[in-house]
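Subject: Structure handover

Dear colleague,

Here is the structure for you to take over. My notes on what was found in it follow below.

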Amino acid sequence: MPSFNIAKFNLPSSFGHSFDEPMVEIEKFSPDINSSTAVIETSGAERLDFPGSIKLPTVYVPTNPRGAESLPPGIVVAESDLHMRRLWGEPSEDLQKKPKYLVTFTVGYDQRYNIDASVKKFSDDFTILLFHYDNRTSEWDEFEWSKKAIHVSARKQTKWWFAKRFLHPDIVSAYEYIFIWDEDLGVEHFDGDKYIELVKKHGLEISQPGLEPNNGLTWEMTKRRGDSSVHKFTKERPGWCSDPQLPPCAAFVEIMAPVFSREAWRCAWHMIQNDLVHGWGLDFALRRCVEPAHEKIGVVDSQWIVHQVIPSLGNQGEANDGRSPRDAVRERCRNEWALFQSRLNNADMMFLEELKG
């Protein structure tokens, strides 16, 4: 289609944004029949494009993400990241370094010094994300690292509530490993970079640091061993393990301080229930997200932590029928575990029935 001249007119600076920029004088309108964009040539060096100015055939691409079928595949950006960017300059120059790993803590301000010690165990290869359950965020700027961290706040919510809503696999796809940790962990004997080295060396898709045996230990599997770097099996109390390759004797880590590979998290995120916020029962089901689970789930002994057992989030609950806030929270935790197990069993049975049919 040939170019043709139109009368000169001024494009107001308010078009498309609110910055005070000089008027742009339009010289010529040159639609390109082979393009989806009508190019407007200006009298200066600037060029303004108006996508969609030319009628195109209907676009429908069923392989696009759901809801984006009407877009040409070349413009679809299905994944994102948590890298913060500038308000100025070239986008390609925003990031001097792209962190490869993500560390999240669900925190209250009272535990700030413990979190400060933990954050210092991670290098600049790690993005730090704090989920605040007490709505206190600005006070954390007393720590220099906090000014570069990402802060998300919602009162009296758990880390699994936050994870389901803010750690969608397509959002954290830029990170090779995702740490989803509690706030009451002692990290004197832990180093983030060395931990990642061991996880990669031993092929662990889901892992956790070993726990100091004398503090807050529930399961034999997560107890730190002094004679190994990593372990994947244990012996539990008689009758606790129906199979030596199944939880809690293998293919098992706790929900206290899990670490997921990008691929394992994509599966685990889908298994987190919207309404079951404490996560009890997930640890026994995580084996469904990797294969073979008894080889790809393990505990890192040489980078170990201490569970300090500080019931800070539990104390955020409300007393019920004369019970303390903590007791009311723990009762819901146990109820959620039973609900999750029931849902999982029902889903298994429904799937097996469909296979038969």
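K97 is partly exposed, because its relative accessible area is 42%. Please keep in mind throughout that this is a predicted model. The side chain of K97 meets that of D125 in a salt bridge, with 3.1 Å from N to O. This pair links distant parts of the chain, 28 residues apart: K97 is in the loop between β4 (47–51) and β5 (101–107), and D125 is in the loop between α1 (112–119) and β6 (126–132). D125 has a relative accessible area of 15% and is therefore buried.

Salt bridges

The structure holds 21 salt bridges. A second one to look at is that of D182 with K159, where the closest N and O atoms are 2.9 Å apart. D182 lies in the loop between β8 (177–181) and β9 (185–186), while K159 lies in helix α2 (residues 159–166), so the pair ties together parts that are 23 residues apart in sequence. K159 is buried at a relative accessible area of 5%, whereas D182 is partly exposed at 23%. Salt bridges with shared partners also join E79, D170 and R266 into one network.

D94 and R86 form a salt bridge too, at 2.9 Å from N to O. D94 counts as buried because its relative accessibility is 13%, under the 20% limit. R86, with a relative accessibility of 28%, counts as partly exposed.

Disulfides

There are 2 disulfides. Counted along the chain, the bonded cysteines follow the pattern 1-2, 3-4.

C241 is joined to C249, with 1.9 Å from S to S. The link of C241 and C249 is right-handed, with 90° about the S-S bond. Of its two cysteines, C249 is buried with a relative accessible area of 5%, and C241 is partly exposed with 21%.

The other disulfide is formed by C267 and C289, whose sulfur atoms are 2.1 Å apart. The link of C267 and C289 is left-handed, with -70° about the S-S bond. C267 lies in helix α4 (residues 262–271) and C289 in the loop between α5 (282–285) and α6 (293–296), so this pair ties together parts that are 22 residues apart in sequence. The relative accessible area of C267 is 30%, which makes this residue partly exposed; C289 is buried, at 14%.

One more cysteine to note is C333, which is buried with a relative accessible area of 6%.

Aromatic residues

The aromatic pairs number 30 in this structure. In one of them, W219 and F252 have ring centres 5.4 Å apart and planes at 75°, so the pair is edge-to-face. The two residues come from distant parts of the chain, 33 residues apart: W219 is in the loop between β10 (206–211) and β11 (230–231), and F252 is in the loop between β11 and β12 (259–261). Both are buried: W219 has a relative accessible area of 12%, and F252 has one of 0%.

W219 also pairs with F284, with ring centres 5.4 Å apart and planes at 75°, so this pair is edge-to-face. Since W219 lies in the loop between β10 and β11 and F284 in helix α5, the pair ties together parts that are 65 residues apart in sequence.

Elsewhere, one aromatic cluster is formed by Y101, F105, F122, F126, Y177, F179, W181, F190 and Y195.

Two arginines sit over tryptophan rings. R224 lies over the face of W304, 3.9 Å from the ring centre. R237 has its charged end over the ring of W240, 3.9 Å from the centre of that ring.

Surface

F351, L352 and L355 make a nonpolar surface patch of about 320 Å². L355 is placed in helix α7 (residues 325–356). With a relative accessible area of 57%, over the 50% cut-off, L355 is exposed.

Regards

Conventions:
Residues are numbered from 1 along each chain as its sequence is written. This is a predicted model: local features need pLDDT of at least 70, side-chain atom pairs count only at pLDDT 80 or more; totals for chains, interfaces and linings use all residues. Side-chain values use heavy atoms; hydrogens and water are left out. Patches are made of residues with over 30% relative accessible area and no salt bridge: like charges are joined within 9 Å, nonpolar side chains (Val, Leu, Ile, Met, Phe, Trp, Tyr) within 5 Å. Accessible areas come from the Shrake-Rupley method with a 1.4 Å probe; for residues, only the protein chains shown count as cover. A salt bridge is a side-chain nitrogen of Lys or Arg within 4 Å of a carboxyl oxygen of Asp or Glu. Helices (H or I, at least four residues) and strands (E, at least two) are DSSP runs, numbered from the N terminus. Buried means under 20% relative accessible area, exposed over 50%, partly exposed in between (1.4 Å probe, protein chains only). A disulfide is a pair of cysteine sulfur atoms within 2.5 Å. Rings of Phe, Tyr and Trp (its six-membered ring) pair if their centres lie within 6.5 Å; planes under 30 degrees apart count as stacked, over 60 as edge-to-face and the rest as tilted. A charge sits over a ring if NZ of Lys or CZ of Arg is within 6 Å of the ring centre and within 35 degrees of the ring normal.
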